[in-house]
Structures are given as structure tokens and as C-alpha cells.
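Please open the model in your viewer and keep the sequence panel beside it, so that each selection can be followed in both.

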Amino acid sequence: MSDPLLLVVEDDRNLAKLVGFNLEKAGYKCLFSENGEDAFDQLSRRSFDLVLLDVMLPGIDGFEVCRKIRQHQIYKDIPIIMLTAKGEEIDKILGFELGIDDYVVKPFSPRELTLRIRAVLKRDRRQGGVFREALKAGGLEVDIARHSVTLDGQELVLTLMEFKLLVALLKRKGQAQSREMLLSDVWDVDRSINTRTIDTHITRLREKLGESGRQIKTVRGLGYKFDEEG
């Protein structure tokens, strides 16, 4: 099993460096973001096992970043631990209401943080978080955590957007999804943007899936759906 990959969202570079140093010693891999916008860019590029999220960030704060993660179809089940100097009860309550998994108040010891991360990851594995489950349809299997797709036991090479598009279709298998909905889920962009890009990616995805590509049905006047019946 590969080392868990963590996203540390912290605008204090010295603290982020210290956190990263101690977590890597404990067997974790870390990538870093200094604001919410960059954090979402990182999330769109890789599959993370956990997010360490500071509350006081430039631009949108950590609470809003958490809200957006929990509302996103692809990222919503990633465990989140908040790192913050705010120890008031109301802030903790707000964090948990938004769906965080734990709350660590600064200053904290590296050992405390490591133990809390370990506990959250173990708990998430026991509960079988959705983002760790394999999505299956016939001979097609998608492992979200490992970012891999296999068809009849053979691994397929998909681009990041093709992978996210396939995940979005499989998570709502049998349900018609508009092009606008897919744009929002997969590209996380304004729904007014031209939707032709969806058609282009669907065509390429169908080609890579071969016979299984027939299961991606066009819903006239709306968009697409994944129909396991073929």
C-alpha cells in the first residue's frame, strides 16, 4: 500500500513546512496550497487521502473551502481535519456542521496531529468512505482512491477529465445527467460555458471503453447517462 497523500492548505509557509516535515517523517506524502483556489486546483489533479485545512486563509476562508468540498460530487467524501487558532466552541460546531472529521487547535504538537490523522484515516477505512470504493459496471471497474480504471482486468489509460467524467456517470448510474451538470461536476466551472467540450470528451471516452462505451447513452436534448443494460 502506498503512503497516504495529504493536501495541506495553510498560508503560513513556515508552519506548512514544519507540518510537512513531521508528517513525511511519519510516513505521509504532502502537497501544499496557500489558498482555497489553489486547493481546488490540486484536488482536480490528484486523489488525496485527507485534507488538512486552515480556517484563516486569504480570499475564501477554510469554512467556505470545506463547504465547497462537501458539495462537490467528486471530492465530497475526502476526510478533512481543520487546523486553526480559533478554539471557540462556535467555530468547532460550525466546522462539524460543515462535515469536518476532526478539529485541531493551534498550537499543536506534531505527535498530536499525526495521531489524529491516523485515527481519521483508520475510521474512514472502517466506514468504507465512498471515495475509496470501486465503482463497477460489468467488466468495468473504477478505483477512485488509486485513480485507476480496468476493463475486463486490463488497465485503461484515461486523461484526468475522462476519468472524472466516467466517475460522475457511474456515481449516478442509470440517471440522465445534463451537459451543464457534468460541466459543473467535472470541470467545476460556470454552467454558462459552452458545453460542446462535454461531447468531445464523451466521444473519446466511448472510444477508449470499446464495447462498454455503448453503455454511455445520449439523452436527446439533455445530456448523457450510463446505462448498465448496454
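The tour below goes from a helix to some charged pairs. This is a predicted model, in which local features need pLDDT of at least 70 and side-chain atom pairs count only at pLDDT 80 or more, while totals for chains, interfaces and linings use all residues. Residues are numbered from 1 along each chain as its sequence is written, and side-chain values use heavy atoms, with hydrogens and water left out.

Select helix 3, residues 62-71 (helices, H or I of at least four residues, and strands, E of at least two, are DSSP runs numbered from the N terminus). Gly62, Phe63, Val65, Cys66 and Ile69 are buried here (buried means under 20% relative accessible area, exposed over 50%, partly exposed in between, with a 1.4 Å probe and protein chains only). These residues lie on the same side of helix 3, because they cover an arc of only 160° around the axis (taken from the directions from the helix axis to the C-beta atoms).

Next, select Lys106 and Glu10, whose side chains form a salt bridge at 3.0 Å, N to O (a side-chain nitrogen of Lys or Arg within 4 Å of a carboxyl oxygen of Asp or Glu). The two are 96 residues apart; Glu10 is buried at 3%, whereas Lys106 is partly exposed at 22%.

Finally, select Asp41 and Arg45, a salt bridge with its closest N and O atoms 3.0 Å apart; being four residues apart in helix 2, they are separated by about one helical turn.
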